[in-house]
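User: I'd like to learn how to read the sheet and the pockets in this model. Can we go through them one by one?

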Amino acid sequence: MTVPLAAERLARIGAEDPEVAAILAAELRRQQDTLELIPSENVASPAVLDAVGSWLTNKYAEGTPGRRYYGGCEEVDRLERLCQERARALFGAEHANVQPHCGSSANLAAYAVFCQPGDTILGMDLGHGGHLSHGSPVNFSGMLYRAVHYGVDPATEQLDYDQVQARALEVRPRVLVAGASAYPRILDFARLAAIANEVGAAFVVDMAHFAGLVAGGAHPSPVPHADLVTLTTHKTLRGPWGGMVLCRAAHAAKVDKAVFPGYQGGPLLHAIAGKAVALHAWGQPAMADYAQRVVANAGALARGLSDRGLRLVSGGTDTHLLLVDLRPLGLTGRAVQDALDRVGITVNRNAIPFDEASRFNPSGIRLGSPAVTTRGMGEAEMAEIADLVAAVVHHLDDADVAARVRARARALCDAHPLPY
Ligand SMILES: *Cc1c(COP(=O)(O)O)cnc(C)c1O
């Protein structure tokens, strides 16, 4: 299905480049016709898309507003200041740098504020839900710094704060970083801040995943507790692809230098326009309602899956995402992800804590509610989605089940079209 906004754009692209236009059209159809349950994805508004697709892509503006290395920056100075003001106001932060191209570069900038190469950073284990940019050896964060990790308690599968404290006392990190990609529970920011304080570490929170929940008041804010907070703008925040750093005023100059010239060249002004539009939207009451519905919908999905015999890591969720442990069913993440793909339901395979399977075919799948909630689905639809996912998981190679699920998934998509 192609609705007017997309049709007009596709026609314009197609007039110059039919090959790319055909790929964009096919991807739009895929997005329209599938249930997107990858928790790091969302559906940006038409206004955000238009801002990102604007002529601001023509402009160079290395530096910060009022202190650029290029002429002709009056208008983009106003834009970047506006975006910064909106970020500060929305999150109650003293300073915002809105230039990071993604969450990973925001994190690298964050470490550079507090660390020299070779210093120790303490973050969550990738296998327990952490992120590559929290010190994985294959990421620059792990190449530049001595990375040490903490994880979850094997019994509760929730963060083991005593272990965090013991590790911190043992390794005396410069930075304690908290935040995760595959952890379904709310973190105790006050406790983590106290641990950082006890060992003289800076406390950095990476709220890449839950920034939108914080913006909408559906999740506690790390901002009052942390020295510095990083986020992405394309996940629950519903903005364009990008990152951001929030910090106390005392760190502002160092943050700005770490982003540029530290890790990046010129800012993506078109992305900053999209970020500003997305932040503005969070001023509307409907967005607080959205954030609450994301959490309620993830809860409904969790209950539905659990009632149908799927084991959830940590027993459930407080947020927008959940992890299913497939080991009790004798299945692996790859097979389930592929089977769901075939019926129009998109999830991603994911390691679960203490997973002994390979990274490439781990023992879990990760699901989330942000994108389907943006499409207007509620708890009734989530119960149906749980039913569909469970049917596929329990009947992996059953063609009749697959056909029935595919039709019902498609009907849900048709009833909740994308806004393009
Ligand atoms: C998504 C994510 C990031 C950033 O990822 P990019 O792909 O670089 O934008 C950083 N930290 C966490 C915890 C994430 O989930």
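**The sheet**

Analyst: Seven strands form an open sheet with mixed pairing, in the order S4-S10-S9-S8-S7-S5-S6. Strands are DSSP runs of E, at least two residues, and helices are runs of H or I, at least four, numbered from the N terminus; two strands pair if DSSP finds at least two bridges between them. The model is predicted: local features need pLDDT of at least 70, side-chain atom pairs 80 or more, while totals for chains, interfaces and linings use all residues. Residues are numbered from 1 along each chain as its sequence is written, and side-chain values use heavy atoms, without hydrogens and water.

User: Which strands stand at the edges?

Analyst: Strands of a sheet pair through backbone hydrogen bonds, either parallel or antiparallel. Here S4 (95-97) and S6 (146-150) are the edge strands; each has a single partner, so one side of each lacks a neighbour in the sheet. S4 runs antiparallel to S10 (residues 243-247), joined by three bridges, and Ala96 has Leu246 as its bridge partner in S10.

**The pockets**

User: Where does the second largest pocket lie?

Analyst: Rolling a probe the size of a water molecule over the atoms shows where empty space is left. In this model, domain 1 (55-282) and domain 2 (285-415) both contribute to the lining of the second largest pocket, so it lies between them. Those bounds come from an automatic or database domain assignment.

User: And what about the largest one?

Analyst: Domain 1 and domain 2 both give residues to the lining of the largest pocket too, so that pocket also lies between them.
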